[in-house]
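Here is a short walk through one structure. Keep the sequence and the 3D view side by side as you read.

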Amino acid sequence: MHAAFLVYCIYPLLGKIATRYSLFSLPFIALYCVVFAVLFVYAVLWQQVLKKIPLSTAIANKSVTIIWGMIFGLLFFNEKISLKMIIGAILILSGIFVLSTEKTEENR
C-alpha cells in the first residue's frame, strides 16, 4: 500500500520540475506524459490495494503522502522543514497508527 503512495507522490514532483520549462516545450510535454504514466500505474496499484485492504484503512493511510511530499521537497528542491511541519507529520503518523491498530466491534 505504501509503495503505491510513494508512486503517487512522484507525480507532483515531476509536475514541479516541469514548471522549470516553458509551456508546450518538448521537456514540459515529456514530463507531463510521464506524470500521466505515473498516475496510471498508481491507479492500477490503488485498485490492487483496495482488493486487500478496507477503504477506510487505505484512505487513512493515504495521508502519509504529506510526509513524502515534505521529504521530496527537502531532497529535490532544498525546501526547509519547519518544526510545525514535523509536529504535523507526527500527528499524521499517530493518527495512522491509531486507525491501523484499532479493533472493530466485530473483531472483539
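**A salt bridge and a nonpolar patch**

Lysine 16 and glutamate 79 join their side chains in a salt bridge, 2.3 Å from N to O. The term means a side-chain nitrogen of Lys or Arg within 4 Å of a carboxyl oxygen of Asp or Glu. This is a predicted model: local features need pLDDT of at least 70, side-chain atom pairs count only at pLDDT 80 or more, and totals for chains, interfaces and linings use all residues. Residues are numbered from 1 along each chain as its sequence is written, and side-chain values use heavy atoms, with hydrogens and water left out.

The search of the whole structure finds one salt bridge. The pair links distant parts of the chain, 63 residues apart. Lysine 16 lies in helix α1 (residues 2–18), and glutamate 79 sits in the loop between α4 and α5. Helices are DSSP runs (H or I, at least four residues), numbered from the N terminus.

How accessible are the two partners? Lysine 16 counts as partly exposed because its relative accessibility is 36%. Glutamate 79 is partly exposed too, at 34%. Partly exposed lies between buried, under 20% relative accessible area, and exposed, over 50% (1.4 Å probe, protein chains only).

Which helix gives the largest share of the nonpolar patch? That is α5, with six residues. Helices α4 (65–77) and α5 (83–101) each supply at least two. Isoleucine 71 is found in α4, and its 33% relative accessibility makes it partly exposed.
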